[in-house]
Amino acid sequence: MTAPRTVLVTGASSGFGAAVVRRFAQDGARVVAAARRADRLAGLAAELGAGVLPVVLDVTDPEAVTRILGDLPEQFAAIDVLVNNAGLALGLEPAQRADLADWDRMIDTNCRGLVHVTRAVVPGMVERGGGQVINLGSVAGSYPYPGGNVYGATKAFVHQFSLNLRSDLHGTGVRVTCVEPGMAATEFSAVRFAGDQEKAEAVYDGMLPLTADDVADTIHWVATRPAHVNVNTIELMPTAQSFAAFQVARG
Ligand code: NDP
Ligand code: 8X3
């Protein structure tokens, strides 16, 4: 078991990202915590100490990603583990009624943002002869559901990009994993329903969802396997969530 030294987490201001920052910081790693909300990141850094570097970063801006990640302070610059977690779902309308701007933002964040950060960090890993990229996919990337449309498609992209990245990085010592959770109680549903708390809470009503800590534990486990072990894909769901039959339109 190898403890990572320097970790970059995107989407660190809430949910899985904040839990991952805490998990690795408590383990003694230096953690670059990146997201757009500076106040949240400052709170996390105040809570966890000098081992956490808050970095305001919008992953959809390729120029900012290259500049900011290329100019990290020396002790945080050599990233061992990249957790590509920033992402979001917007809306649950069927495709024929969905908002095109929401679709664009999901593609911009979940696909373009993830590849911007990957492209900025991976060359350094290859140069140093090792590292690990852990991408946040979703069960929505494998199993369709009504209203999942573009969100699910972005996560299918993350799944396939992770496998292709692993193929490109063959022989470099850089590992790649796609972590694919099911329902987890974070700010995810509040974001999906544009701040409508009642709708967001209804998603988890009467069932026990995954917690951000459950997912952070999984990511920490993946990152602490010995260097010769690559976990390709890992899928986890709450026990209370499973699969349903195909829909059939009759009559
Ligand atoms: P949260 O809404 O709690 O966290 C999302 C994070 O992404 C926030 O920190 C947000 O920070 C950040 N983010 C959003 N847009 C950008 C951007 N343009 N640039 C930088 N950061 C951004 O949701 P979760 O923790 O649940 O989600 C984390 C990841 O896990 C997402 O990729 C999501 O799709 C995935 N996932 C979630 C599941 C769930 O049920 N919760 C299940 C499966 C996967 P800020 O707004 O400050 O920028
Ligand atoms: C989030 C999980 O099932 O709400 O990626 O789409 S789900």
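Buried here means under 20% relative accessible area, a cut-off to keep in mind for the views below, all of which come from a predicted model.

**View 1. Strand β1, covered on both sides.**
By that cut-off, 5 of the 5 residues in β1 are buried, so the strand counts as mostly covered. Side chains in a regular strand alternate between the two faces of the sheet. For β1 that puts T6, L8 and T10 on one side and V7 and V9 on the other, and every one of these is buried. The strand has a parallel partner, β2 (residues 30–35), with 5 bridges between the two. If you want a place to start tracing the pairing, T6 has R30 as its bridge partner in β2.

**View 2. Helix to helix through R22 and E47.**
Here a salt bridge joins R22 and E47, whose closest N and O atoms are 2.7 Å apart. R22 belongs to helix α1 (residues 15–26) and E47 to helix α2 (residues 38–48), so to speak a link between distant parts of the chain, 25 residues apart. Both ends are partly exposed: R22 has a relative accessible area of 30%, and E47 comes in at 44%.

E93 and R97 make another salt bridge, the closest N and O atoms being 3.1 Å apart. E93 is partly exposed at 38% relative accessibility, whereas R97 is exposed at 56%. Elsewhere, R37, R40 and E187 are joined into one network by salt bridges that share partners. Across the whole structure, the search turns up 8 salt bridges.

**View 3. The surroundings of ligand 1.**
How many residues are around ligand 1, and which come nearest? There are 30, with S13, S14, R36, Y151 and T186 coming nearest. R37 places a polar side-chain atom 2.8 Å from a ligand 1 oxygen, and N85 contributes through its backbone, with an N or O atom 2.9 Å from a ligand oxygen. Alone, ligand 1 exposes 880 Å², and the protein buries 96% of that. Elements giving two or more residues to the shell are α1, α6 (149–168) and α7 (188–192). Sorted by class, the shell has 13 nonpolar, 12 polar and 5 charged residues.

**View 4. The surroundings of ligand 2.**
Around ligand 2 you'll find S138, V139, A140, Y145, Y151, F188, R192 and Q241. Their classes split into 5 nonpolar, 2 polar and 1 charged. S138 has a side-chain N or O atom 2.5 Å from an oxygen atom of ligand 2. For Y145 the corresponding distance to a ligand 2 oxygen is 2.6 Å, and a polar side-chain atom of Y151 also lies 2.6 Å from an oxygen of ligand 2. On its own, ligand 2 has 240 Å² of accessible area, of which the protein covers 85%.

Definitions and conventions. Residues numbered from 1 in each chain as written. Chains lettered and ligands numbered in written order. Predicted model: local features only at pLDDT ≥ 70, side-chain atom pairs only at ≥ 80, totals over all residues. Heavy atoms only, no water. Salt bridge = Lys/Arg side-chain N within 4 Å of Asp/Glu carboxyl O. Helix = DSSP H or I, 4+ residues; strand = E, 2+ residues; numbered from the N terminus. Buried < 20%, exposed > 50% of the residue type's maximum accessible area, 1.4 Å probe, protein only. Near = heavy atom within 4 Å. Polar contact = N/O pair within 3.5 Å; in protein donor to acceptor, adjacent residues only side chain to side chain. Areas by Shrake-Rupley, 256 points an atom, 1.4 Å probe, with all protein chains shown as cover. Nonpolar A, V, L, I, M, F, W, Y, C, P; charged D, E, K, R; others polar. Pairing = 2+ DSSP bridges.
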